[in-house]
Amino acid sequence: MGNHTLIPMTDHEVLVQVLSCIDPSASSLRLVRRNGRILLGLPAVKEPGARALGLYQPQRLLARGMVAAIRRLSRMGLQGFALPEEPIQARQKDLSPALSGVESGTCGVLLGSPEHRVRRAIASYRFNGQWEVAKISFGAEGRQVLEKEAKALGELQSVAKGVPDLLGLHTSPDVTVLRMPYLQGDPIPIGRFAEALGLLEGWVGDFPEKPISDFPEWQWIESALDSANGHEALQELSHKSLRPAICHGDFTRWNLRTRKDDSPVVLDWEWGHSSGMPGIDLVHYFLQDHRLVKRMSPEDAIRATISDLYRPECSEYLRKTGWGENRILPIIASLAWKQGAGHQDNQDVLEAAVELILDV
């Protein structure tokens, strides 16, 4: 029980909860389904529907084709033929501080994966004449997740480039809403990394190197490597000293946007923190593409990431932050932290990386 109690909710119930918080006057949405589940709820009006569709940034070809087809139908005014309206019985939900001023009929919803430990959703809407996006989570544990993200945004906005503005955090006993500006920029295309690396270089602090065991990620790395029989990797890592850096925690192409002035901004800071371990975000940026988009095997994904890290710009970053010339160690550290902290189940990839340590 306590903070780890899961709240079983159907997709329809999530939509009702979101609209009750954001736009309780709404009575229906047009639903986009995938694999039998609700993926998106779109308002019937053209611009709000397009804004809500923009919340979904698929990386795989089939999903990108589906989104492109819906966009074409919307431009032709034919969205309703492909996406029939679904009644939604929203009800007013009091939030503290109060969230009011959302224009009726502008709220669209992207549902989070039902596999997440904490059920969540993202909404777009027009608030006092400006387009915003909100992350919505449910229950006590969901509130803790968004409170942590709000804290990270508040602390890092003034000291780090690429951190979005925090517009407000609103709570009720069972729902939490975190508000940010709506960003229309495009995701970083596959194969590009200059913008991402530029951000990471700017996030390295002006502090001397310190033992790896002094970093907050270390306890999770130790735990994960113990479970993966990674004692040799743990021994090699334990001798490292690194320069502290801001850590995002889920640094991927699809969490980056390019503004109109070409400056990058990074979304989803729920695992973000200062004085973190350098290099693990860089590894995650490449490795997630190889695993989730290119669908490589664990061994091939790791070898491809090693090759990425040998690019001159990446090599310079790793040397500057204390990693030296060994490319498998930052990969193991990144995987072990995500596994140990419960951010991502990648035990098979971690074990494959541990087995490769003698070959690199």
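Good morning. Please keep in mind that the model is predicted.

I begin with the interior. In soluble globular proteins, nonpolar side chains tend to be buried together. The largest nonpolar core here comprises 80 residues, and Leu225, Leu237 and Ile328 have the most contacts inside it. Helix α12, residues 328-340, gives the most to this core, contributing eight residues. Another core of 29 residues lies apart from it, and includes Val16, Ile88, Val102 and Ala134.

I turn next to a sheet. Three strands, in the order β9-β13-β14, make up an open sheet with antiparallel pairing. Which strands stand at the edges? They are β9 (186-187) and β14 (264-266); each has a single partner strand, so one side of each is left without a neighbour in the sheet. Between β9 and β13 (residues 256-258) there are two bridges, and Asp186 has Thr258 in β13 as its bridge partner.

Finally, the salt bridges, of which the whole structure has 18. Asp268 pairs with Lys135, with the closest N and O atoms 3.0 Å apart. Asp268 lies in the loop between β14 and β15 (273-276), and Lys135 lies in strand β6 (residues 130-138), so this pair ties together parts that are 133 residues apart in sequence.

By contrast, Lys151 and Glu155, whose salt bridge spans 2.7 Å from N to O, are four residues apart in helix α5 (residues 139-156), separated by about one helical turn. Lys151 is exposed, with a relative accessible area of 52%, and Glu155 is partly exposed, with 43%.

Conventions: Residues numbered from 1 in each chain as written. Predicted model: local features only at pLDDT ≥ 70, side-chain atom pairs only at ≥ 80, totals over all residues. Heavy atoms only, no water. Core = buried A, V, L, I, M, F, W, Y, C linked by side-chain atoms within 4.5 Å. Buried < 20%, exposed > 50% of the residue type's maximum accessible area, 1.4 Å probe, protein only. Pairing = 2+ DSSP bridges. Salt bridge = Lys/Arg side-chain N within 4 Å of Asp/Glu carboxyl O.
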